[in-house]
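Please examine the sequence and the three-dimensional structure displayed here, and keep both in view while reading. The paragraphs that follow proceed from one region to the next.

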Amino acid sequence: MPEHQRWAELRSWGPAGIEDGPSPLANVGRTPYMTEADGAPVEYAPFGLRPFSGADLVAGPVGAARESWWTFDSASAKESSLRLTFADPLSGLRTDLYYEVVPGTDVLLRWTELTNTGDTAIRLERFDSAGFCVPVDTARLSFLSGQWAQEFQLQQLVLPAGRFEIGSQQGVAGQGYSPWLAVQDDSAPDGPTWGFSLAWPGSWRIDADIELSGSCRVRVGRQPHESAVLLEPGASLETPQVAAAYSVDGLGGLARAWHSYERQISRGGRRVLYNSWEATEFAVDAAGQLELAKVAADLGAELFVVDDGWFVGRHDDTGGLGDWTPDPAKFPQGFGSFVEDVRALGLEFGLWVEPESISPKSRLYAEHPDWVYHLDGREPTLIRNQLLLDLGREDVFGFVLSTLDGLLTEYPIRYLKWDMNRPPTERGRPGGGAPESLDLDGAHARNYLRVLDHLRTAHPDVAIEGCAGGGARVELATIARTDVVWPSDNTAPLDRLSIQYGFLHAHAPHVMSSWVTDAPGMFDPRPRSLRFRFVLAMAGALGIGADIRSWTGEQRAEAAQYVAQYKELREFLHSASVTMIGTPADPTFALQYTGPDQVVVLAWNTGPLDGTPALSARRPRIRLSGLDPSARYGAYSGAHLMSAGLPVDWESVDADVIVLERS
């Protein structure tokens, strides 16, 4: 804390002991034509104190200037947490900065609580969760971008000056960008790396500035739909948590830090599932689903999930959403009897739902048209022939909660796939009050999390999959309340390899739902074997989504072998340290899973399927890392595997699972 106590400053951020020496963030010399705060490594500051370089908080009483100044008020600390309080007596705004170390990880959580102690409403135009000063000379930024069916594409750029910003205004994390950013010094891309990930299922923003002093500053937070939120007298607003991670070992080490953290907050996928969507789409009926379930059980699946099409009015994507009653025409012996028939095969039962969405043809819409986001006088926009419920309303929240509670209570459902196939448009609530007082995005996100919290408490044996038109709702708040998340609707092998490569930089394997299907490539259509697809799915929580009725006996037998192998390795793959070797653009790409007594390598041939070379050539090798050079791993020494590399054979196969026991 500087002597003037008007803001807190970051002294150092890195490995233990980095604080023993001069701060790498301290500025020297004069600060002409800007304020002292604009050039300082400020932790969090309002516009006013920091008028030129970018403030973390832009707020002021309604009708007054949005500039504010504060001073340090108090601090309180526990074993692994800290709270710093700053007060602005003129505006009445009190700001509490929270810090919490996550034991056993290299992750720090930060968030902010804003309280209006005055007698006038305060307009919050920007209220980030945290600001971070990163000690790099030239910033290299890594981020994840994409689109539907091509999510989690790892991108990098060097930012010598100016601002970089990513975000989403879609009410979810979105497919365009992930709420995740990594920063390194361009001169040391394999060295110290800082990462940021926002725990928020609504609209968000992350920006990185090269400031006037030359330092790199990252700000992370919500992005309110109304551009501002009103904080009434006596009210408080808590921002989402942002997780900040550090590694000395580049992006790979940072990924392992995120994996370690997510293993603490999420249970992960515990069963091999079969999902019926790609086999039947909307043509769901008891006989067809049971036929699939019998084959799935023979393959070794542990869970059978009926996807879209099981409820009344749902024959295509134009009807049914909102009327969550099993269709008696599709289940003539009763839905409960059908579920028991599935369970009699030794399978647990799961169900797809999209509880926030509603079809204009539904009974629910006829009874409650006001429950939908809308603006008076404006025609609603249909996306996928559906509208979106205003989940921030307490009556809508109650309906969604009771609907899901009812299904999970009436039937022995052990898996819920929660989907959301459209973002909000015409986002209004007529008659609800001033737009800034509604905070529609915040209310929707908070009630979504409330529902998940309730389900986790009331139905602890039910696994939940987070999904939104593919990977549009993958962020830490959802991951902490679900078991797995769905990275993309694209399950084609080479496309999916690229998606999973980016995903694993930010998230752990055990939360990554990965299916084996027969889908052809959308962006890279080169064919790959059934083996390739299964080894790819083993990299996460393995599932099957193909029309397995059409598989030959030979294919089914092969699949059963892969499922059995995955079950043997599952616990290890979901807990081991993961190293990515190469990229999907290389001819050979691999993941190394390392434990104290075992190493498992999942490897894929991403190049041409040429078979035996026509001329003399060396076998491809995968150089492993992090091993004991003097120990033996199978037939190899650790020194050989790290120096010469692990040989792989792409003459007859295009993927492999290699298990090395340490002796």
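Which residues in α12 are buried? The model considered here is a predicted one, and in it the buried residues of α12 are L530, F532, R533, F534, V535, L536, A537 and M538. Eight of the nine residues of this helix are thus buried, and α12 is described as mostly covered.

One of the covering elements, α11, may now be considered in its own right. Two packed helices are described by the angle between their axes and the distance between the axes. For helix α11 (residues 493-506) and helix α12 (residues 530-538), the angle is about 20 degrees and the axes lie 10 Å apart. Angles under 35 degrees count as roughly parallel, and α11 and α12 are therefore roughly parallel to each other. The crossing of α11 past α12 is left-handed. On the side of α11, the contact is formed by P493, L494, R496, L497 and Q500, while α12 contributes F532, R533 and L536. Sorted by class, this contact comprises five nonpolar residues, one polar residue and two charged residues. The spacing of such residues can be understood from helix geometry. An α-helix has 3.6 residues a turn, so residues three or four places apart point the same way.

Attention now turns to an earlier part of the chain. When neighbours within four places in sequence are left aside, the residues in contact with R126 are A55, D56, L57, V58, R205, D207 and R219.

In strand β7 (residues 130-134) lies G131, which is buried because its relative accessible area is 0%. How many residues separate G131 from E43 in sequence? The separation is 88 residues, yet the two C-alpha atoms are 5.7 Å apart in space. Apart from residues up to four places away in sequence, G131 touches E43, Y44, D56, R110, R217, V218 and R219.

E281 is located in the loop between α3 (277-280) and α4 (286-299), and R384 is located in the loop between α6 (363-367) and β22 (387-388). The phi angle of E281 is near 50 degrees, a positive value in a residue other than glycine. For R384, also a residue other than glycine, phi is positive as well, near 55 degrees. E281 counts as partly exposed because its relative accessibility is 41%, and R384 counts as partly exposed because its relative accessibility is 27%.

Technical notes. Residues are numbered from 1 along each chain as its sequence is written. This is a predicted model: local features need pLDDT of at least 70, side-chain atom pairs count only at pLDDT 80 or more; totals for chains, interfaces and linings use all residues. Side-chain values use heavy atoms; hydrogens and water are left out. Contact means heavy atoms within 4.5 Å. Axes are lines fitted to C-alpha atoms, for helices over the stretch in contact, and angles run from 0 to 180 degrees between N-to-C directions. Helices (H or I, at least four residues) and strands (E, at least two) are DSSP runs, numbered from the N terminus. Angles under 35 degrees count as roughly parallel, over 145 as roughly antiparallel, 65 to 115 as roughly perpendicular and the rest as oblique. A crossing is left-handed if the near helix is turned anticlockwise from the far one by less than a right angle, and right-handed if clockwise. Ala, Val, Leu, Ile, Met, Phe, Trp, Tyr, Cys and Pro count as nonpolar, Asp, Glu, Lys and Arg as charged, and the others, Gly among them, as polar. Buried means under 20% relative accessible area, exposed over 50%, partly exposed in between (1.4 Å probe, protein chains only).
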